[in-house]
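Please guide me through the reading of strand pairing and helix packing in the model shown below.

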Amino acid sequence: MHLNHLEIANFRKLKAVRIDIANDVTVFVGANNSGKTSAILALRRFLIENGRRFRIQDFTLSWWREIDKIGEEWYAASQLNEKLETGIERWLALVPTLDIWFEINANEIHYVSSLIPDLSWTGGLLGVRVRFEPADIEKLANEFLATITEANLLKSLVTSQTSLETIAQEGKQSTAEEAPAELEGEQPAQAQLSKGGNAASAQSVSAGTDLVLWPNCLIDFLDKKLGEHFTIKLYALDPTKLSAPKNGQALLQELPVDAVAIEGTALSSLIRINEINAQRGLGEADQGDSSSTSNSDLHKLSNQLRSYYAKHLDPTESPDIKDIEALQVLQSAQSIYDGRLNESFAPAIDEVQDLGYPGVSDPKLKVASQIKTIESLDHEAAVSFVIDHKGVGSASTELRLPEGYNGLGYQNLISMIFRLMSFRDAWMRVGKASLKSDIEFIEPLHLVLVEEPEAHLHAQVQQVFIRKAYDVLRKHKNLGASKEHHTQLIVSTHSSHVAHETSFSQLRYFRRLPAGMAASVPVSTVINLTSAFGDGDTERFVSRYLRSQHADLFFADAAILVEGSAERMLVPAFIRTQFKFLNQCYISILEIGGSHAHLLRPLINHLGLITLIITDLDAGDGSTRKSKPVSRGALQKTNNPTLRDWLPKKESIDDLLNANDAEKILDVDDLYAVRVAYQTPIQATLGTNSAAQEALSNTFEDALAFENLEYFKTLNGTGLVKKFKKIIEGSSTIAEVAKGFSENLKSGGKAAFALDVLYGKDFESLRTPRYIAEGLTWLEKRLNKKQTLVSPNNGSSILPPVSTVAEAAGHADTATALVSPAASVGA
């Protein structure tokens, strides 16, 4: 038995999503504010807290107006003495819902007897709906109407009283204005003060008429009273009516209005749930902050050990032979200690007796200790760390520090691993827990949720944790490879290191959707990356590549794929100096040649990620494919698979040189588009007195040089930079320069070329190659648009009202104004 998938509806940004759950480990990835935490929180609200901590803010915002309409209709009906509509129909589409779909084997049917939809079901998918709904709609309506009627009455009384006071104040003011002139002349200051006081009072009273009392609508009422009127109910689902998601949105099964809720605790005996949330409270707490202290103490390893001891090891609970031996030693120690206590207190007790108490018939005073084994762990040094030392004290002396003095990363790792062990042992009823449990059998399924395990951990430890966590949860003699009891681990993360240690079949990507795309408010969709690649070889390459590049595609707002090491070093520098908005966005830059970039296409399509591909024209002979300098009308063809098979899907060099911007762009939706940027013709001059000539580049390096011929004449360096400088100085035509560049580029040294350029003086004056500047300008426009769609009310702008990015990059003739600059980054 295991979880197959979850469907969540009407919970925060998750208006209707399906989340497929892997058999072992499932990892939630995605940019900030994409819904990962909402998914974990939904499981907590429904399954751990059992609905006790739901808030009205957990309802998807797009339904708030519909909920208020219900309240308005109730109020209107009450004013007309009409019958209130108190059916559940209106609420079914509005309330938070969690559908849990299990995969049940034929030999496990006895676990789910109360959930079976009908007698024809013999195994396979089985669904349960957990719904947070009104417990008694009629009671909810009556209390809401009584409360809002009382508020309206009070407001009416306040308004009436205000009107009377205003009239009285106006009358006094009128009388004062008609007073004899000699009186006004005698006390001008007092008269002016009185007039000012009356005006202020009238203004205050007038403002009072706008007072808003609670509740002013049904949403406002539920903000305080939700827990009193809503409850969790379970319903059986029909596997034959299960529908696949459409356009990324889950199609939840419709239940009959008169569906009967499942009685009892069907889920609690079926699935055990534990959670490690993101707030782990490690480190030393501020002693002046009581809340910080309690939170920090909560997850200290010493407290976890004490809790584990109480559940599984306490010798006073059903002691065995070894426990009895330990208890005998403790009782012997207690007897000796009690004797010493009474001996020490004897003089004090005798002194009290001298006062006549206790008398002959009074009870006698006696001092006795009580040694509890668990209290031996209740101190700061219950857990300490032994420090290696040399030359300090004797060789046998140990230096120890309390756990709070260890590094946060070490504390976090140990704490998480120990909690996983505790979850496992509590599930398996290890030690004394088996004697304390009231449950006759062990739940067949164990679900563990871990939020952001990467906190305080460096990259290698993050990778170790995600590799070992599931093994820890299964390390028990009754678990291991056994299928009788199943464990599933769900992890949400912002770490690319955690993501890259996980196979694509275990990744679930949360994608943000703007208001208007799937709902009237921003929501999310969840993408299963299991089927991102058609064959195992491609998946294997992409997985290894992303790991080696430490790429963070899963958390970025956009991606830039660059051709080689020179672009990888210089494109970020161009962005920092000439594209201020892009420099503030979350952009992942990956170095991958044009011969392999197209292999990332399936992944980028699944992520729906805005992508700019900066690649090379890579001209070759039309028949032999041998690399050649770019030339028009020579029947040349590109050797670049990205240009040939992805964008712009052209092979002829002449066609590529003549392609317009639209042919280089693939627009999928408002949030997803791909653009390719490769070398295009520019007009270049060798000197101030020479005429402009067409320059055709084949690589990034010669394109940069053609764009900055005067700059490279004065740039000092070695390798290619030195050769380029000599070629420019010794050539009389652009064609000669192009030929010289092409011949020298074959010798390599591109990384050294980029470093020489970076170290050059006045780098900020360097013009970005035209094709790259155009691509970055397009990317900036798309991210501006995306941010406006996803976060339309971000506030004031961080950029000037109009940004001419191409002009900033040194291309005034191709400058394009960008309107509506974004106000915050990381949309």
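**Sheet and helix packing**

A: Tyr 509 stands opposite Ile 527 in β13. The model is predicted, so local features need pLDDT of at least 70, side-chain atom pairs count only at pLDDT 80 or more, and totals for chains, interfaces and linings use all residues. Residues are numbered from 1 along each chain as its sequence is written, and side-chain values use heavy atoms, with hydrogens and water left out.

Q: How many bridges join β12 to β13?

A: Two strands pair if DSSP finds at least two bridges between them; strands (E, at least two residues) and helices (H or I, at least four) are DSSP runs numbered from the N terminus. Here six bridges join β12 (residues 507-513) to β13, and the two run antiparallel.

Q: In which order do the strands of the open sheet lie?

A: The order of the six strands is β7-β10-β11-β3-β12-β13, with mixed pairing. At the edges, β7 (271-276) and β13 (523-528) each pair on one side only.

Q: What describes two packed helices?

A: The angle between their axes and the distance between the axes describe them. Axes are lines fitted to C-alpha atoms, for helices over the stretch in contact, and angles run from 0 to 180 degrees between N-to-C directions. Helix α24 (residues 719-730) packs on α26 (residues 750-759) at about 75°, with axes 6 Å apart. The two are therefore roughly perpendicular (65 to 115 degrees).

Q: Which residues of α24 and α26 meet?

A: Contact means heavy atoms within 4.5 Å. Leu 720, Val 721 and Phe 724 of α24 meet Lys 750, Phe 753 and Asp 756 of α26.

Key:
Angles under 35 degrees count as roughly parallel, over 145 as roughly antiparallel, 65 to 115 as roughly perpendicular and the rest as oblique.
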